[in-house]
Number of protein chains: 2
Amino acid sequence: MSDERPTLAGLGEFAVIDGLVAGRTQSANVTVGPGDDAAVVVTGDGRVVVSTDMLVEGRHFRLDWSTPHDVGRKAIAQNAADIEAMGATATAFVVGFGAPGDTAAEAATALSDGMWAEAARTGAGIVGGDLVAAPQWVISVTALGDLGGRAPVLLDGARPGDVLAVVGDLGRSAAGFELWRNDVRGFDELRASHLVPELAYGQGPAAADAGATAMTDVSDGLIADLGHVARASGVGIDVSTSSLSGRHDALLAAAAATGVDPWAWVLGGGEDHALVATFPTSPPDGWRVIGTVVDGPARVLVDGAAWGGASGWQSF
Amino acid sequence: MSDERPTLAGLGEFAVIDGLVAGRTQSANVTVGPGDDAAVVVTGDGRVVVSTDMLVEGRHFRLDWSTPHDVGRKAIAQNAADIEAMGATATAFVVGFGAPGDTAAEAATALSDGMWAEAARTGAGIVGGDLVAAPQWVISVTALGDLGGRAPVLLDGARPGDVLAVVGDLGRSAAGFELWRNDVRGFDELRASHLVPELAYGQGPAAADAGATAMTDVSDGLIADLGHVARASGVGIDVSTSSLSGRHDALLAAAAATGVDPWAWVLGGGEDHALVATFPTSPPDGWRVIGTVVDGPARVLVDGAAWGGASGWQSF
């Protein structure tokens with residue numbers, strides 16, 4: 001019976017943590033793993049890249065849409081994307097998890113399994129964490145990364161004449177959200193894209209090696225995130241819809257089913273965590289040129305003109 | 001009027017973050033600070049120490065007891081204590097902050113000011129973060145640290161014949177909690193101790209340099225945290241109440257006022273984040289010997305016998 005399943009409160013903090021830690025294999029760069037006051041991670045080049053995100057149930061995920069495994073994958077992926085966007089490789093993650101005491105212990109295990117599954121795709125593991133009681137699920141992930149001797153690729157290096165390129169999907173998470181929200185069945189892949197972004201790990205360092213002058217991941221929406229690059233670099237960025245349209249035909253049927261302009265998804269939808277970067281020369285294999293960097297003032301243009309649609313997610 | 005004060009939702013995520021980041025001075029070891037996808041921190045000795053904690057309103061703090069500044073100081077201090085407990089020095093913090101949209105922006109500023117004030121005591125700063133909407137305040141802090149070439153001081157190195165020593169307070173936070181909970185006035189210092197622990201930064205590395213064989217900070221309670229050392233090291237640890245009593249006379253009046261056994265606070269109360277360590281020789285200046293390490297089995301004794309009181313905090 002479901003009410004006999006072990007809960008977090010029933011097992012207690014330390015027993016739950018023991019279960020989550022048991023059997024996990026740490027990377028060779030982890031000299032002290034979970035179980036002590038802190039972990040110790042080797043930093044290959046004398047620097048560490050660090051980024052953190054918080055996900056709140058009902059705001060960043062819904063447990064009636066996502067499995068705990070999905071939530072775990074998403075939480076790791078969105079942090080790993082920030083590390084990639086610097087031109088670095090993830091080396092370790094630490095996780096804070098808050099949940100009600102009556103949460104099934106197997107749900108925490110599934111969350112952890114999802115985190116480990118996604119972390120394994122990056123080549124890193126989870127080296128520490130904290131488990132606390134909270135009125136709803138709250139997950140914080142901090143990712144560490146290694147630049148491998150590279151200079152970090154920042155927001156402020158884009159220069160007029162650079163090409164703008166992207167690797168990964170745009171608009172699929174937003175399309176999936178609209179399908180979920182309107183309870184439109186079918187479109188299983190798009191719906192899955194909203195729950196877990198599919199990232200091509202390694203493309204951030206590849207872009208850095210190819211001479212990327214600026215890079216970020218699309219977390220808030222293409223126009224919004226390119227706005228950060230434009231302002232930091234003091235340049236204009238002109239996105240070409242013709243270069244985007246071929247890739248995004250898959251969104252058209254979903255757009256028709258929900259009555260939404262698919263460009264709102266492609267240009268305004270976040271959470272796919274595609275990487276966008278500017279290059280003085282051709283981008284590396286797998287990247288698609290989608291625009292150009294032009295003279296300032298700092299602004300993002302679509303086909304040479306201002307875009308009137310929603311520009312992206314804000315937290316409040 | 002209070003309803004005209006700017007709120008997080010009124011200002012929006014990016015404007016709030018801009019306000020929190022403006023005017024802060026980053027340490028020289030921070031090569032990329034807030035504002036990019038991730039921060040970059042120099043790691044002096046090729047390793048990084050990392051620890052994370054999550055604090056939830058109503059569970060780890062109450063905004064009718066603590067000011068936002070207090071909460072910020074506490075959140076940083078308890079993470080810095082974990083770094084110290086490895087024998088390391090804090091080098092950087094990243095922060096996740098979730099709060100309702102109607103939270104006054106000045107409360108977020110005060111939280112951030114408290115974080116920076118405590119971080120400054122450690123010599124580090126806040127290099128990045130995330131700001132999200134949540135039904136109640138949730139704060140996650142991840143601390144990075146530098147071992148400065150030292151071996152980390154773990155839980156598992158205590159050996160029979162070592163002395164047990166402590167630096168910092170025991171039982172004051174628990175006493176303060178009981179005073180707050182029972183609405184007992186006076187005892188201002190003890191009440192303040194519950195809201196913000198006062199840590200002696202630098203004692204962790206000093207203990208490592210003095211040859212500490214095992215170390216932890218008292219976050220859950222002395223008996224509970226020594227239990228982790230005893231189990232990891234496979235030793236017994238015998239705490240001497242006579243060596244503790246002089247220091248803790250200040251608790252007696254508060255104990256009388258609330259009807260609580262003060263030893264429950266000293267031996268079972270957490271959150272003071274005192275450091276406890278074992279040494280083959282004398283501990284460094286400022287540390288007080290409070291017991292000895294004895295042969296296994298792994299257990300914590302008080303004056304040579306099992307202790308019957310509550311052993312410490314668990315999350316659920």
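The contact between the two chains takes 67 residues from chain A and 67 residues from chain B, where contact means heavy atoms within 4.5 Å. The model is predicted, and local features need pLDDT of at least 70, side-chain atom pairs count only at pLDDT 80 or more, and totals for chains, interfaces and linings use all residues. Residues are numbered from 1 along each chain as its sequence is written, chains are lettered from A in the order in which they are written, and side-chain values use heavy atoms, with hydrogens and water left out.

**Interface**

Between them, chain A and chain B bury about 4900 Å², of which 65% is on carbon and sulfur atoms. Buried area here is the accessible area (1.4 Å probe) that two parts lose on being put together, summed over both. A:Asp37, A:Met54 and A:Phe316 supply 17% of the area that chain A buries against chain B, more than any other three residues.

Strand E3 (residues 47–56) of chain A gives nine residues to the side of chain A that touches chain B, the largest share. Helices (H or I, at least four residues) and strands (E, at least two) are DSSP runs, numbered from the N terminus. Strand E3 of chain B is joined by four bridges to strand E2 (residues 39–42) of chain A, and the two run antiparallel; strands pair if DSSP finds at least two bridges between them. In this region A:Val42 stands opposite B:Arg47.

**Symmetry**

A rotation of 180 degrees with 0.0 Å of shift along its axis superposes chain A on chain B, with an RMSD of 0.0 Å. That is the relation of a two-fold axis. The superposition is by least squares on the C-alpha atoms of residues with pLDDT of at least 70 in both copies. Within chain A, A:Gly46 comes closest to the rotation axis, its C-alpha being at 2.5 Å.

**Backbone features**

Most residues other than glycine have a negative phi, and most peptide bonds are trans.

| Peptide bond | Omega |
|---|---|
| A:Gly296 to A:Pro297, cis | near 10 degrees |
| B:Gly296 to B:Pro297, cis | near 10 degrees |

A:Pro297 is found in the loop between strands E11 (288–294) and E12 (299–302) of chain A. A:Asp183, although not a glycine, has a positive phi of about 55 degrees.
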